[in-house]
Amino acid sequence: MKLSNLKDINTQELSSVLDVKGREALLERFSTLGLPSKKSEEYRYFDVEKLFDLEYKTLNYIPKTIVESDKIEIVDGVVVTAPKGMRIYYEACEMIDMENFDPLYYLGHLLSPLTIKIEIDGDTEVEIEHRFTQSDALINYRIVLYNQANRHATLYENFVAEDIENTLVLYGYDMHIAQDSTLRVVKKHTMEESGYSIVASHRINVAKQANAIFKSFDLGGGQALQLLKVDLDTYAHIDASHLLYLNENSKRGTVSQIVHNGEHSTSKQEAKNILDGDARGIFDALIKVQPSAKFTKAEQNSKAILLHDKAYMASKPQLEIYIDELEASHGATTGQLDKKQLFYLQSRGISYVEARKILVIAFANTLIETVKDTRQQELIKASFEEVFYKGHKEYL
Amino acid sequence: MSKNSKDIIMDIQNLQAKIGDKEILKGLNLQLEPGKVHAIMGPNGAGKSTLSKTLVGHYDVELTGGDIIYKGKNINEMEAEERALEGIFLSFQHPVEIPGVNNAYFLRTALNAKLKHQGKEELNAAEFLRAMKSHLADLGMKSDMISRSLNEGFSGGEKKRNEILQMLILEPEVIILDEIDSGLDIDALRAVSEGINKMKDGKRSFLVITHYSRILDYIEPDYIHVLKDGRIIKTAGPELVSELEENGYDSIKED
């Protein structure tokens, strides 16, 4: 399958190419938004077209018997392990967001008529590991996640790839965060320069008085984009933070829309970006405050450190506001490591590489240390160090 | 001052350096002896801070002539971290603040870099904290200062005590103190001076750069060098301090 074949075709042709029956509304939305190109606002910093020009094999997503384990493991889009008692089903998605800005959100749903539905019970912690084993493949799946009202759950997400190449992963969550609950998502994604590319298109619906905490730690090389569409009801809150540490020719980042629909809803979004080599970081984030969302509080900030002359940060924080009764702020800065600080450390016998690492980690730590689970925090720090030393091998 | 090479730990010969386009050191000669305290005094803009920066390989300074011979080896091209590992230490006039870098982590990293360089075993966190305890007490530093971010929010006195703490831990052989007394109240000055005096072991050499003679009441110098317009114009014993206080730098005739 070549996704570029979906360019500029009508809904009938689309339904035929994708072998989709019914689902007219989805076909219509995808057709209206069109296959992303470099002219698409959301994908302009991400070389999406070259991914669509490749020929991919498609996979069969036949459900397997789920083996008991301490984590949910999804291999090439199929769940193979899960903790005991975890409720996981393959079902059609009941609540698709019909106002999503991302065409690949709709394409993902069109390609995955059955989604992986996960119901998280009580105050619990769940680990999901995504594993990719197929080369030259289009791996597409969507996960629908529900938690329970008045409960506080945490989801840790991790990615593992075998020695694969030229694969494209299209996946994403539809998260429904129940009233008066908290769902905390901690995503750690280390990638190599080659192997696979990934576009993750998430929709997070935060009910009344619920809290969403979304922390992403994107490290290493490769090409990956996460797109977030967040809807906030009355007194709902999201705390989104994104750490990017990229090297080589990596192009990765976040494109997001946080939509305040309910009164007194609050959002805080913080991005810290550290870019080495020829890497390009992306933070294209819109906060939209609807007329119904009086007394909103919204805060958005992006900071970037460029470690190399060729590194580049595309930072675009934006506010779109339709009311007067609110508090909102946004900003973006890009700079380099402080020479005085670097020299101070070196003047105490600390090597150039270690001094850089200390300063880079100090910059990143304000996000890493917000991960409450010590083991997960250590895993993130270890991954960070591993990627850092790989990027600095010429100095070692 | 002419000595045998074995009596000299650092021999600075005809040193010329500039910062940006400005030539600041213009043929400076100075020999540091082991176990001695050398005080450098001079008017504003004479080149005192540039000298300290040049000796530790600061990126601001371009060395345009002369040589720095340290323990018999020319270190003109040596990187800053290597100079530090070899035993050259600068206590900064304005130590930089580094938010997010834990002071204890920084100190242990610096100490372990030095131990590794010397082929010794590195210290773990517990061993390091044990080793720190007496130094903190001697300097009148609260133990929470090492769990804070490096120099962040420290008062002027706390920053200088932290510099001396690093000196005590790293045990350097040439210790350059750039305006160590600036911004210190009398108690802090006493604590800092005691820390410095504790390091006197008859082998280490001290280069005390100062505007004022006050610090020299606490750290007794062996030599006073007057630095003016990028050169050492006079070297004498401690008695020169009172002459400078009385008559100022203009009265000094070049040797």
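Helix 1 (residues 11–18) and helix 2 (residues 24–33) of chain A pack at about 110°. They are therefore roughly perpendicular to each other. The model is a predicted one.

The axes of helix 1 and helix 2 of chain A lie 9 Å apart. Helix 1 of chain A brings A:Thr11, A:Leu14 and A:Ser15 to the contact. Helix 2 of chain A answers with A:Glu24, A:Leu27, A:Glu28, A:Phe30 and A:Ser31. By class, this contact has 3 nonpolar, 3 polar and 2 charged residues.

**Chain A as a whole**

Chain A has 7 helices and 21 strands. Its radius of gyration is 21 Å, close to the 21 Å that the globule rule gives for 396 residues, so chain A is as compact as a globular protein of that length. Along the principal axes, the C-alpha atoms of chain A fill a box of roughly 70 × 50 × 45 Å.

**Strand pairing in both chains**

Strand 19 of chain A (residues 296–306) pairs with strand 17 (residues 266–275) of that chain. Strand 19 of chain A also pairs with strand 21 (residues 326–335) of chain A. A:Ala298 takes part in both pairings: A:Ser267 has A:Ala298 as its bridge partner in strand 19, and A:Ala298 has A:Ala328 as its bridge partner in strand 21.

Chain B holds an open sheet of 4 strands. Their order is 2-1-4-5, and the pairing is antiparallel. Strand 2 (22–32) and strand 5 (73–74) of chain B stand at the edges. Each has a single partner strand, so one side of each is left without a neighbour in the sheet. Within this chain, strand 1 (residues 10–19) pairs with strand 2. There, B:Lys18 has B:Glu23 of strand 2 as its bridge partner.

| Strand pair | Sense | Bridges |
|---|---|---|
| Strand 17 and strand 19 of chain A | parallel | 10 bridges |
| Strand 19 and strand 21 of chain A | parallel | 10 bridges |
| Strand 1 and strand 2 of chain B | antiparallel | 8 bridges |

**Chain B: helix 3 against helix 5**

The axes of helix 3 and helix 5 of chain B come within 10 Å and cross at roughly 30°. That makes helix 3 of chain B roughly parallel to helix 5 of chain B. The crossing is right-handed. On the helix 3 side of chain B, the contact is made by B:Leu107, B:Ala110, B:Leu111 and B:Lys114. On the helix 5 side of chain B, it is made by B:Gln166, B:Ile169 and B:Leu170. These residues divide into 5 nonpolar, 1 polar and 1 charged.

**Where the chains meet**

The contact between the chains takes 20 residues from chain B and 18 residues from chain A. On the side of chain B that touches chain A, the elements that give two or more residues are helix 2 (80–85), strand 7 (98–102), helix 3 (103–117) and helix 5 (156–170) of chain B. Helix 3 of chain B gives the most, with 5 residues. By class, the chain B side has 13 nonpolar, 5 polar and 2 charged residues.

Technical notes
Residues numbered from 1 in each chain as written. Chains lettered and ligands numbered in written order. Predicted model: local features only at pLDDT ≥ 70, side-chain atom pairs only at ≥ 80, totals over all residues. Contact = placed C-beta atoms within 7 Å. Nonpolar A, V, L, I, M, F, W, Y, C, P; charged D, E, K, R; others polar. Pairing = 2+ DSSP bridges. Axes fitted to C-alpha atoms, helices over the stretch in contact; angles between N-to-C directions. Parallel < 35°, antiparallel > 145°, perpendicular 65-115°, else oblique. Left-handed = near helix turned anticlockwise from the far one by under 90°. Rg over C-alpha atoms; globule rule 2.2 N^0.38 Å.
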